[in-house]
Amino acid sequence: MAVNLTPNAIAAIIAGDVNSKPLVQILDIKLIATAAQPKERYRLLLSDAVSSQHAMLATQLSDRVKSGQVRKGSVVQLIDYICTSSQNRKIIVVLNMETIIAECEIIGNPKSLVESDSTAQKPLPNSSLDHSTRVSNNRFNAQNSGQSVQSFPPTVQPPYQPPPNYRNHGPMLKNDAPARIIPITALNPYQGRWAIKARVTAKGDMRRYNNARGDGKVFSFDLLDSDGGEIRVTCFNAVVDRFYDAIEIGKVYLISKGNLKPAQKNFNHLKNEWEIFLETTSTVELCPEEDGSIPRQQFSFSPISEIENAENNSILDVIGIVISVNPSVPIMRKNGLETQRRILNLKDGSGKSVELTLWGEFCNREGQKLKEMIDSGSFPVLAVKAGKVNDFNGKSIGSISSTQLFIDPDFPEARGLRNWFDRGGKNVAFVSISREIMPGGSKNEIRKTVSQIKDEGLGRSDKPDWVTVKATISFIKTDTFCYTACPLMIGDRQCNKKVTKSGNMWTCDRCNQEFEECDYRYLLQAQIQDHTGLTWVTAFQESGEEILGCSAKELYLLKYEEQDDDKFGGIIRSRLFNQYLFRLKIKEEIYGDEQRVKITIVKADNVNHSSESRYMLDLISKFTS
């Protein structure tokens with residue numbers, strides 16, 4: 001049977017048409033599969049009887065080629081399609097189509113669009129075209145006759161009505177309006193069909209959940225487009241199975257037919273009021289070529305000094321020099337699963353430092369690499385994308401599932417920070433905003449001697465006093481240096497309450513749960529002294545690790561399980577008569593009927609002799625001025 005292909009269809013699509021749903025013929029089909037892109041994809045050569053152009057077939061349509069529904073010579077109606085640029089070349093991406101005639105002789109004498117440009121400018125003698133089509137073609141000719149740069153507006157024509165023999169060959173989508181590429185910032189739930197072209201900047205783990213509707217699974221990924229717009233995409237259940245393995249960080253995709261809903265700001269930190277929920281009818285198409293116009297990542301760094309005033313649970317980006325990395329320790333979550341935690345410290349040019357807590361795989365991946373770099377004497381730059389602010393014991397940053405870490409990245413902020421550090425920033429004194437810092441922080445920088453703690457009556461007011469003391473550890477109590485603690489997680493914090501053993505199980509009265517293994521946390525009693533006197537202090541988990549250089553569990557097992565008294569004693573002796581800068585919390589507490597002043601070490605830093613010399617020179621200058 002005679003078939004009329006849509007005139008000028010190829011030129012119109014190249015010019016940006018996504019509305020005409022043209023009738024075209026497939027001249028050639030070629031299978032494409034490379035090592036970089038192992039999934040089978042098909043490249044088509046499309047024709048409108050005059051011009052031809054290469055196109056990529058969406059992977060979800062590959063089965064139509066395998067089953068023979070689409071073959072060389074097939075006449076198809078393009079339902080969903082877009083045209084994109086790749087390496088200065090135009091390529092059509094076919095997202096959905098209907099087969100009108102499975103087999104047909106080649107129609108016309110099509111040539112590639114470049115070869116047929118001169119022919120395309122001439123009016124086409126086709127009397128079967130209606131008036132609207134002729135008007136469109138006349139406008140097309142008039143525009144090109146006076147311009148050196150050709151412009152092909154879309155051909156306007158009535159929707160194609162297939163002959164009776166070819167009707168009802170397959171269900172049509174209810175919402176069959178064609179998609180168009182728009183910026184992410186322009187997305188809203190009130191517009192028609194759309195498509196976005198964006199790079200995946202973050203991909204969350206697949207998580208399982210259980211609620212009143214039953215069990216399920218979910219994962220999300222974040223997108224960034226060439227205009228700087230960001231949006232989160234979320235998939236549930238069967239859609240997870242379809243797209244989880246296909247999504248890769250750093251790759252560019254064409255996405256359409258998603259459902260826009262208000263962003264859940266409790267879980268979504270991106271600056272977009274909407275997020276996309278993909279459905280079974282959604283399309284996610286990997287772009288065949290890299291698009292350099294879309295950045296690989298987008299940051300909005302906050303100086304560490306500003307984090308001090310950030311809201312709890314807010315999400316932000318931070319960049320700093322890593323100055324210390326603690327050992328990774330196992331933590332038991334409340335669901336009974338074990339995870340890892342590692343704490344490190346960052347400083348920047350604002351004169352402040354902050355603790356960064358890494359969870360899970362971050363500890364063994366980036367965390368271990370940072371530990372090795374610090375141990376080798378280097379101080380790497382670390383950029384943190386999407387860290388979560390925690391205000392427990394001062395302000396700190398924690399990793400979440402969408403957090404990304406970049407070690408010694410190559411961009412201007414990192415290079416500037418490295419230059420500052422190497423030119424003297426490493427010797428600049430800084431103040432930590434983490435660990436029980438008094439609001440306002442004014443007393444945090446006050447230096448005192450040991451004797452001044454008693455002489456000035458520190459800690460006896462309603463609020464605790466916060467001071468810094470340079471002193472030496474002269475004695476560490478070793479009979480009771482730790483306690484058995486609950487390893488379960490309450491939200492993003494560990495319970496840490498003391499637990500008791502009943503048979504082979506440990507019990508936490510707070511969590512009302514039993515478990516086979518407990519955690520061990522430091523409760524270290526020590527004496528510190530300087531040239532004015534000595535005093536007793538208490539060090540808990542983090543500060544205990546800073547002093548002894550290992551976890552409480554490791555030291556407990558060494559003493560009570562392995563019973564290696566020589567090695568245990570060697571660790572303790574190696575820490576005696578070492579000088580530290582202790583940040584102390586001093587507060588009067590009641591024990592029984594007696595009031596006592598309790599001194600707690602909240603941080604123990606090794607003395608930086610260069611910074612300490614500058615501090616003392618400043619003191620001398622004040623006395624002499």
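Two strands are taken to pair if DSSP finds at least two bridges between them, and in this predicted model strand β24 (residues 482-485) and strand β30 (residues 519-522) meet that criterion, pairing in the antiparallel sense over four bridges. Within this pairing, Ala485 stands opposite Asp519 in β30. In a regular strand the side chains alternate between the two faces of the sheet. In β24, Cys482 and Thr484 point one way and Tyr483 and Ala485 the other way, and all of these residues are buried.

A closed barrel is formed by five strands in the order β23-β31-β32-β34-β33, with mixed pairing, and the twist from one strand to the next averages 55 degrees. Helix α10 (residues 541-548) lies across β23 (465-476), β31 (524-530), β32 (533-539), β33 and β34, and runs at about 55 degrees to β34.

In helix α12 (residues 565-575), the buried residues are Phe568, Gly569 and Ile572. Seen down the axis of α12, these buried residues fall within an arc of 95 degrees, so they line one face of the helix. An α-helix has 3.6 residues a turn, so residues three or four places apart point the same way. The buried residues of α12 pack against β23, α10 and α11 (552-561), whereas Asp566 and Lys567, on the other side of α12, are exposed. The helix α12 is followed by Phe577, for which phi is positive, near 60 degrees.

Terms used. Residues are numbered from 1 along each chain as its sequence is written. This is a predicted model: local features need pLDDT of at least 70, side-chain atom pairs count only at pLDDT 80 or more; totals for chains, interfaces and linings use all residues. Side-chain values use heavy atoms; hydrogens and water are left out. Buried means under 20% relative accessible area, exposed over 50%, partly exposed in between (1.4 Å probe, protein chains only). Helices (H or I, at least four residues) and strands (E, at least two) are DSSP runs, numbered from the N terminus. Axes are lines fitted to C-alpha atoms, for helices over the stretch in contact, and angles run from 0 to 180 degrees between N-to-C directions. Contact means heavy atoms within 4.5 Å. The arc is that of the directions from the helix axis to the C-beta atoms.
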